[in-house]
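Subject: Structure for your files

Hello,

Here is the structure you were waiting for. My notes on what was found follow below it.

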Amino acid sequence: MTPTRVKSRLEHIMNNSAKIEELRHFLARTGPSLERPALSLGVAEADRVLGGGIAPGALHEVYAQDWAAGGFAACLAILAAGSAFDGKGGPLFWVRSDYEALEYGALHAQGLRELGGRPETLFLIRTANAAEALAAASDILACAPVGALLLELSGMPRALDLVASRKLNFAANLSGVTAIVLREGAQAMPSAAQTRWQVSTAPSPGMDDWGLPSFRAELVRNRLGPTGNWQLTWNPDDGIFREPAHGVTAPHPGRVAAALFDRPAEEKRRIAF
Amino acid sequence: MWLPRFSTDRLKRKDASLSEGAPLVVAGRAGNALHVQALDVRAHRLGLYKGQPLANARAMVQALTIIPADDRHDLKLLEQIAEWCDRFTPYVAADPPDGLILDITGAAHLFGGEAAMLTHVTQKIEAQGFTVQAAMAGTASAARALAKFAPGHIAAPGAQAEALARLPVAALGVEDKIIAALRRAGLKNIGQVAQRQRGELAARFGKSFVTALEILLGQHDQPVSPRRPLPDLMAEQRFAEPIVAEGAIAASLLALAQSLSSVLEQRGLGLRRLGASFFRADGQVRRLDLKLGGASRDAARLMRLLHEKLDALADPLDAGFGFDVIRLEAMLTERTEAAITSFDSNENAKREIQYLADRLSVRHGEARVLRFVAQDTHIPEAQSAAIPAQARDFASQSQWSPRRQAGDPPLRPLRLFEKPEEVSAIAAVPDGPPLRFRWRRAPFEVMHAEGPERIAMEWWENQKPTRDYFRVETREGQRFWLYRDGLYDQSGLAPRWYMHGVFA
């Protein structure tokens, strides 16, 4: 090889590597982080729209439309932090203010276990107001070993504005911790969230098979692609969503309550579970 | 240290006019009679004495300023002086009514020896307007006796008995009756008493007298309880000029944290609780208490926690005229293995989570960062206890088992109201599930219901009615946990219904 050919070859490689470097920067700036696999919801259609599932290391907003819809955010947090069955993942940090405990009920660890979560790795941070909750959230998002953050903010707190949500999204991006913001009694407002869900509870499909958490989840905003509207049923046994079993009339496998009739009170009543 | 004119000095500090004019006497009440409880130097020169009936004192000196005693304020001030004395040594005890005990073991060399420390401390207290007599000895009671009867004396180790021997019997600190009896027996000083057979003394004056004598002579030890728990280790920095600047305070804190952590490292210890004391030049002391979830001796980490704490203070640290002493105290230490960077990423992750919990606890208060522990009970609201994350070590193994069986829906709600809320409900049959109910002014129509799951209170709480729980689903699909309080027979025709939780 002549020296000039070597030189031109080297320049070529250098040019290419500069280009690759540029591409990398471009991807880092715009695209989702490549090494973090998306968290599959378990429903093929929803996963396809979301590009594989919920993006980790990003901010996701859940607007609960009724009392029970907040459970959807808990399900997402279990999905992100790791459920009791896979044994992986990090601790779940749940941040809420004192007001939310009064208005929406205190967190019940046994209830989280019933949903398939891991109460032994649950941290509850109760703050006095929304501003403190946001401060705690940004501390938590800076810590990479955290499994997931669930930030519960009800109403329209002044501290939560576009800047605050950008900061949260940025912190989540840096550390790779998934942040779920649960908004109750609130109207949608501009934010930097990756996805936004309007969720209300859905009636159980069948008379027999009722009681599993099922939601009417509307993806009203998705930074990466189209939006959608699905009915999702949470399966506490494997910590993932599934489509509701429509039209299935097979008998419910669990034990069912005996029909009530008038009995003498002395007779020991069977508990129906 | 003895402040012989403590009460009167206190009054004079408050009201300078008392220093002039008539001699000052503080009158106390014993039984039903007033007597002289404290008196100033002028009254003392006129021949008045402590314990004298007030009427006698009045008869002797017509022009007397008499002020009623205020023991509560005296004690408060004594505590404040003790707090202030903390800058000399952490082991300070107030010795009411008018004394202070400082254990200066290992502290004297910081002031250039015992004699220099004694003059330093007395000068500082005199500068505040108190008459003070101080002495040093091997035991607290010996030092007390020397301070009262031979102020300024420093009893060398081993020479304590000699130093005490020359003191009058009054220095024994026992009842006046016994002292009078000792004098009558010709025993004028402690040395003479100490030479007597113990048996003789016990027969005459009782066993407690002998014990008091032996404690004084250093043959028995009597513990002194310090005002604050003693730190295991401490590091402090004194400043020739009080410091005010934030940067200077931070730099000195960092230096202290580093020196503390190096000592901890040598001993293989880690911190669980850190105290920081800031002694202001005007006598105010500000203390901070820092708890850590796991033992640590990382100076940088301690610094960050301290700064968090300082930032989060409701009333910020006010330097005033400056701090002249800053001290870090290791209040609670425990043995830890050497801090090596583990290759086990699991271990590192655990440590980082611990650190995060510490920082959140410091900023928001430890009662606000909670973890859950399963309780062995079937009462729903008592089943999971939320306790501060720093309170103890938590098992990483799950103690929680689901109540439902595979395939079943959740049997316990995700959110449980701390106080169940009463709803008005209509049921088809008296002990059946509700058909519709009203909660928070909104009507709900029940589509599905399952129950009752009867939960009776524990037998020792059998006054409380049993509860029949129903899982209900409304027309819109919201799932709630309702219960009827009491059995139908007991609660009569209008049973009370309560909303206890919301399922996901």
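In β12(B), R415(B) is the bridge partner of L107(A). Helices (H or I, at least four residues) and strands (E, at least two) are DSSP runs, numbered from the N terminus. L107(A) lies in strand β3 of chain A (residues 106-107), which runs antiparallel to β12(B) and is joined to it by 2 bridges. Two strands count as paired if DSSP finds at least two bridges between them.

Before the rest, some housekeeping. This is a predicted model, in which local features need pLDDT of at least 70 and side-chain atom pairs count only at pLDDT 80 or more, while totals for chains, interfaces and linings use all residues. Residues are numbered from 1 along each chain as its sequence is written, and chains are lettered from A and ligands numbered from 1 in the order in which they are written.

The interface

Chain B has 61 residues in contact with 59 residues of chain A, contact being C-beta atoms, placed from the backbone, within 7 Å. On the chain B side, at least two residues each come from α14 (345-364), β10 (369-374), β11 (384-388), β12 (415-427), β14 (442-455), β15 (467-474) and β17 (496-502). The most come from α14(B), with 8 residues. By type, this side of chain B has 28 nonpolar, 14 polar and 19 charged residues. Here Ala, Val, Leu, Ile, Met, Phe, Trp, Tyr, Cys and Pro are nonpolar, Asp, Glu, Lys and Arg are charged, and the others, Gly among them, are polar.

The three-stranded sheet of chain B

An open sheet of 3 strands has the order β2-β1-β3 in chain B, with mixed pairing. β2 (33-39) and β3 (65-68) of chain B are at the edges with a single partner strand each, so one side of each has no neighbour in the sheet. From one strand to the next the twist averages 40°. Axes are lines fitted to C-alpha atoms, for helices over the stretch in contact, and angles run from 0 to 180 degrees between N-to-C directions. β1 (residues 24-30) of chain B is parallel to β3(B), with 4 bridges; V26(B) stands opposite I67(B) of β3(B). Helix α1 (residues 6-14) of chain B lies across β1, β2 and β3 of chain B, at about 75° to β2(B).

The four-stranded sheet of chain B

The 4 strands of another open sheet follow the order β6-β9-β7-β8 in chain B and pair antiparallel. β6 (233-243) and β8 (285-296) of chain B are its edge strands, each pairing on one side only. β7 (residues 269-280) and β9 (residues 323-335) of chain B share 11 bridges, and F278(B) has I326(B) in β9(B) as its bridge partner.

Regards

Methods
Contact = placed C-beta atoms within 7 Å.
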